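Please read it with the sequence and the structure at hand.

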Amino acid sequence: MGWFRTAGDVDDDPSLHVVSVLRAEGDKAAGAGFVLGADTVLTCAHVVNDALARDMFESRSPGAVEIPVELRDTARTHRYSARVAHWIPPRGRDGGAVRKGEDEWLGDLAVLRVDAPAAGLPAVGRAAMAVGQEVGAWHGGGRGATHARLTVTSLHRSLGYLDGELNGMAVGAGYSGGPLWCRHEGAVVGLVVAHFMPPRDPRTGAPLPYSPQHLVRRSWAVPWQRVEAELRPLGVLDAVLPATPGPEDPAFMLLAEAIAELLPVMSERIDRAQRLATACGIEKGSGVTPPTPEEFAEFLLTHPRALAALSGILRRESPEAADRLLAAGALSRTPRLLSPQEYAALHKHLRNMDRAAVLARFPEAVRAALPHLAARPGGDSLDELLDHLEVLPGDGHSAGRERRVPALLRVMEYVGALGTKHREAELRMWADGVAQRLGIPRMALGERRADAQEWVRSVRGRSARVRVLVQVTRAEPGRHHLRSWCDEGAGPRQVSTDSAVSYSASEAAREVLRVLDSLTPPAGDERPPLVEVLVDRGSLNLPVDEWEARDPDEIVPGVLGVEYPLVVHCPELLRRHGRFMSHWRTRWNRLDSGRTVVVSESMDRDAVYSTLVNQLDTVRVSVDVPPGPRDGIVQICLALGIPVVVWDRGRDGASHVVEHMADVATRELPDGVRGYRANAMASPPEFPGRPVLAWADADRTVPRLHLTEPQEST
């Protein structure tokens with residue numbers, strides 16, 4: 001299997017492919033998974049939910065919580081902590097929540113990032129599931145005796161159906177998430193998801209007496225081809241399953257040539273290879289025969305962190321050799337910035353950071369550190385964001401032939417500056433070590449450190465405002481569906497899940513006020529919560545701010561937009577053209593210094609587009625045109641990434657709203673518009689407008705999966 005693949009051929013015992021996903025409380029297995037990459041495990045989302053004692057079909061990502069997992073090799077068992085890096089929750093065929101009593105569903109995948117390499121266990125091969133394949137499955141406990149023999153009897157859209165033999169083990173609780181191993185293919189062909197239990201008496205719940213008409217030992221699985229369809233758009237498979245480089249690959253040729261020239265002595269090459277194997281968590285190869293330069297180069301281009309580890313081994317004794325290898329590896333997309341040890345240390349430091357004060361502001365720190373780069377759309381886990389940052393290039397502040405400061409290091413300076421002095425010092429020492437391995441001058445990193453300090457001073461007094469997010473979708477005429485989330489600063493948490501209920505305007509106002517009343521405002525923050533209404537492009541003028549509770553038992557009317565600053569947000573338009581996402585974030589970073597553009601009747605849609613498309617210092621647009629062309633112009637502004645747009649939904653002539661709001665600072669507009677609405681209610685002749693404020697905060701996350709529910713394709 002090659003010098004760097006000497007862990008043993010586990011195909012002789014395919015139960016070693018099974019990873020145990022353990023319950024957080026206790027050592028029992030909630031289910032299984034299998035090694036997807038060097039530090040990555042694939043399982044079912046409902047297995048993670050079970051491990052964390054959550055509802056089986058909970059759709060929210062568990063966040064950065066630790067999940068214990070166990071991996072085995074031929075000698076022993078290794079326990080590690082893991083986190084969810086990518087989350088694809090269970091969903092019904094209509095894209096919504098899985099309903100009670102349903103025994104089939106879609107999605108249900110979780111990619112876990114393990115805090116240590118896979119202890120020598122190579123990632124298993126994969127192949128498409130096909131009817132007639134004979135496969136094996138194991139319980140999450142990993143014992144070979146739990147082997148169940150199954151046959152793929154049919155494939156139906158996204159599901160594969162499996163029938164078990166009547167002798168031997170039957171698939172049951174604890175098998176979910178485990179690999180289906182096909183010995184003929186020498187590969188995993190899918191994941192076990194669920195099994196059909198024998199029927200029970202509807203009155204007592206006891207099993208019914210056996211009948212030959214009963215369904216016996218039938219299970220269902222996610223075929224590997226469906227797993228690929230779910231994970232490929234997330235970039236997961238390209239990262240964890242890099243293709244073996246060919247002899248014509250320029251990075252491969254340069255690395256093989258460099259290894260041959262830099263390590264010509266057999267003993268030196270063996271020593272460096274063994275040290276590299278130890279750093280990457282695989283067994284050492286031969287102590288007599290060294291790997292060939294080609295084997296060495298292939299390993300550096302298939303293990304994502306091997307090149308970083310080797311550069312660290314060579315840096316002290318030969319800086320020129322380390323630089324040469326890093327330059328050659330930069331021609332490939334596989335090598336990651338950090339070595340396994342640096343990556344594990346970074347996560348340790350981040351786990352020690354305060355969740356609300358630091359980690360909740362991670363996206364804000366990213367945009368401040370990298371104002372001209374768009375963060376990756378979608379995905380809200382820390383691992384996913386770090387993965388993206390690792391592959392971004394360095395900034396442009398390098399002189400001569402100096403290595404640029406990588407984007408990840410710059411971001412970590414900003415993140416560290418948000419923490420306590422002790423945590424900041426720990427992260428700085430980590431960054432110093434990485435910079436030294438990369439050959440980056442201390443002065444270059446010091447400049448980024450100073451930038452971070454200046455940024456923190458400018459935002460130190462600005463705290464995240466408590467907000468309530470309400471997704472409003474139209475139902476039958478005059479009624480609406482609602483979904484609600486609260487965000488006290490650590491990200492949205494869903495507080496209502498039943499989207500099938502419809503509300504009138506007054507009923508909806510009462511429901512939103514009920515959610516607002518449940519909030520506990522932070523001490524010392526007297527600002528009322530921000531109400532962020534999530535709508536589609538056709539509902540931007542929905543008068544949610546004018547909805548009032550009209551509860552006869554209450555003394556006050558309960559008008560939403562009068563009691564609370566209420567804004568609208570249309571993620572559909574913001575994400576419609578991904579090329580403008582970076583424009584949106586750049587503009588948001590300039591919110592306090594950017595300029596305002598007023599669109600008047602003399603400007604049509606084409607004129608608005610040509611004026612705003614590349615004007616990145618424009619952060620706010622006031623639309624003062626009649627209702628006919630107004631809606632199209634508003635939508636163009638939002639699609640181009642203008643974060644703040646103000647208009648009057650009710651006026652034909654010159655807008656009093658636009659004129660009045662011109663004197664309000666952009667950041668103060670939510671409260672300014674709230675004040676206008678209160679004045680309009682008290683004195684309509686003096687305040688005749690009906691203001692709408694579209695507000696797209698690039699520093700606060702939106703529960704995207706609930707906005708664009710994925711639909712099953714047939």
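In this predicted model, Phe 299 has a relative accessibility of 3% and therefore counts as buried, since the cut-off for that class is under 20%. Its ring is paired with that of Phe 4 in a stacked arrangement, the centres being 4.3 Å apart and the planes 5° apart. Phe 4 is itself buried, with a relative accessible area of 4%. Because Phe 4 belongs to the segment before strand E1 (18–22) whereas Phe 299 belongs to helix H6, the pair ties together parts that are 295 residues apart in sequence.

Phe 4 also takes part in an aromatic pair with Trp 3, and this pair is edge-to-face, with 4.8 Å from centre to centre and 65° between the planes. Trp 3 is buried, as is Phe 4. The two pairs are set side by side below.

| Aromatic pair | Centre to centre | Angle between planes | Arrangement |
|---|---|---|---|
| Trp 3 and Phe 4 | 4.8 Å | 65° | edge-to-face |
| Phe 4 and Phe 299 | 4.3 Å | 5° | stacked |

Through ring pairs, Trp 3, Phe 4, Phe 296 and Phe 299 are linked into a cluster. In total, the count of aromatic pairs comes to 9.

Helix H6, which spans residues 293–300, also meets helix H4, which spans residues 250–262: their axes come within 8 Å and cross at roughly 130°. At that angle, which is neither in the roughly perpendicular range of 65 to 115 degrees nor over 145 degrees, H4 and H6 are therefore oblique to each other. The crossing of the two helices, H4 and H6, is right-handed. On the side of H4, the contact is made by Phe 252, Leu 255, Ala 256, Ile 259 and Ala 260, while H6 contributes Pro 293, Glu 294, Phe 296, Ala 297, Glu 298 and Leu 300. Sorted by residue class, the contact of H4 with H6 comprises 9 nonpolar residues and 2 charged ones, with no polar residue among them.

As for the protein as a whole, it has 22 helices and 22 strands, and 53% of its 714 residues count as buried. Among contacts between residues at least 6 apart in sequence, 69% join residues at least 24 apart.

Key
Residues numbered from 1 in each chain as written. Predicted model: local features only at pLDDT ≥ 70, side-chain atom pairs only at ≥ 80, totals over all residues. Heavy atoms only, no water. Axes fitted to C-alpha atoms, helices over the stretch in contact; angles between N-to-C directions. Helix = DSSP H or I, 4+ residues; strand = E, 2+ residues; numbered from the N terminus. Parallel < 35°, antiparallel > 145°, perpendicular 65-115°, else oblique. Left-handed = near helix turned anticlockwise from the far one by under 90°. Contact = heavy atoms within 4.5 Å. Nonpolar A, V, L, I, M, F, W, Y, C, P; charged D, E, K, R; others polar. Phe/Tyr/Trp six-rings, centres within 6.5 Å; stacked < 30°, edge-to-face > 60°. Buried < 20%, exposed > 50% of the residue type's maximum accessible area, 1.4 Å probe, protein only.
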